[in-house]
Amino acid sequence: MNSPEWIIILIGYIMCVLNGAAQSLFAFLLVKIVEAFKYCSTSERHHHVLLTSFLCLLLGVVLFILRLIQYTAFAISGSKLTQRIRSKAFACLLRQEVAYFDRPENSSGAICTRLSTDASAIQEMTGTRLGVLAAEVIHNMRTIKQLSIEKEVLRQYSELIHKLFMHIAASISAAEAFFDLFDRKPTIDNASTEGQELVDFRGEIKFDQVKFIYPTRPTSIILNKLQLNIKPSQHVALVGGSGCGKSTIIQLLERFYDVTSGKILIDGIDIRKLNLQWVRSHFGLVSQEPVLFDLTIAENIAYGLENVSMEDIINATSRADIHQFIEQLPQGYETRVGLKGSFLSGGEKQRIAIARVLIRRPKVLLLDEATSAMDSRNEQIVQEALEQAQREDPSRTSLIIAHRLSTIRSCDLICVLDRGHIVERGTHIELTQRRGAYYKMLAHDNLQ
Ligand SMILES: Nc1ncnc2c1ncn2[C@@H]1O[C@H](COP(=O)(O)OP(=O)(O)OP(=O)(O)O)[C@@H](O)[C@H]1O
Ligand SMILES: [Mg+2]
């Protein structure tokens, strides 16, 4: 991975060799001085010693320059290598599937540590620090012999060797970890450009006998023989107790995970055969806990899009019913939202996330209603935003996960989910008349 710097590395090595050669010149000059004392006359000796001393001085300067070049060359190539490893590792990480990050060893903290420490460990293998250590070891070896103080120095010496090997071992294992990452084939490749793109996407979704188990929790079956048909432009709501698998359904549609068995069909085609970017760009997701970046409100809404006018942004925020709120902030659209949007309430965050989705005009709207963020006012606002989104594009399909049943009365189809499969389906009126699970939930909601 250091091949682009081969010239610099070559220079470094040549300097090393010259350095070594120059060292022995010192011995040669020393001998010359001793000889001067032995063989020369007094007048000659003065001249001779002066000249040789001057040559020693000159050699010292040359050595200094050689070392400077050598260290600089290795420092440059080493830091270039670290930089390259870090950016390649980062690119590889971006390609990995969501399940990869579910594993504890790939948590964000662990990954940050790996990117910073492991890459530097590799630099040590190529760079100056190991060189210095090795030089120290060799230097010490000479000292032992010269001074015959073996025991003490031997201890220091073995300590140094131990240190050297520890460094080498750390560098090798760091390098192995990076090569493992570089070679890893993600099960869902975020960077893939392969797969089919539908020209005339209607917005039909079908879950066909879907079974799903999270890879990190192989013992719990989250979705079991799930059968769900959503017709183009239909508005479908999913309801059910906490943990019954509602958000999981949306994650499967965004292809954060692949089904364990069964099929998800989009306009009749298996989602795994479709181009991933195409799928994600046609599904607008507002998640239960929307993630905002530590940028301004306007930047958050236009994130990833090019040439977005302020007009478009305001249009989207008006439709998400958050424009007035933003306007009354002292810095308006230039207000920073803080890390993960922490300067905003949950409901405000979700409305900004709705604006972010609306500006993209997705064919399918996926909305996972925020629970903690909802008071009844917010709930109404979200509902209005949704109805607006449905009005402006009547052919838009939407799948809404509702925690408050009052938001979904007007949906074309309501599905009640329990332990990973649908136990009841129908319109609000049908389901209330049936007096089953939905009816019970409704009564429970009213009680609260
Ligand atoms: N990344 C994950 N790894 C392992 N298990 C998970 C993961 N995400 C969710 N689960 C588990 O899957 C089950 C379904 O989770 P899901 O988020 O779909 O529930 P939900 O119906 O959306 O609940 P809520 O109404 O509380 O949002 C839960 O038992 C949850 O603990
Ligand atoms: Mg959920």
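1. Domain bounds are those of an automatic or database domain assignment, and on that basis the protein chain falls into domain 1 (3-183) and domain 2 (205-447). Their centres, taken over C-alpha atoms, are separated by 56 Å. Domain 1 gives 4 residues to the contact and domain 2 gives 5 residues, two residues being in contact if their C-beta atoms, placed from the backbone, lie within 7 Å.

2. The model is predicted, so that local features need pLDDT of at least 70 and side-chain atom pairs count only at pLDDT 80 or more, whereas totals for chains, interfaces and linings use all residues. Residues are numbered from 1 along each chain as its sequence is written, and chains are lettered from A and ligands numbered from 1 in the order in which they are written.

3. An open sheet of 4 strands, paired in the antiparallel sense, runs in the order β2-β1-β4-β5; strands are DSSP runs (E, at least two residues) and helices likewise (H or I, at least four), numbered from the N terminus, and two strands pair if DSSP finds at least two bridges between them. Because β2 (223-230) and β5 (269-270) are the edge strands, each with a single partner, one side of each is left without a neighbour in the sheet. Antiparallel pairing joins β1 (residues 205-212) to β2 over 5 bridges, and Val210 has Leu226 of β2 as its bridge partner.

4. Around ligand 1 there are 13 residues, the closest being Tyr214, Ser242, Lys246, Ser247 and Thr248, where near means a C-beta atom, placed from the backbone, within 6 Å. Helix α7 (residues 246-253) supplies the largest share of this shell, 3 residues.
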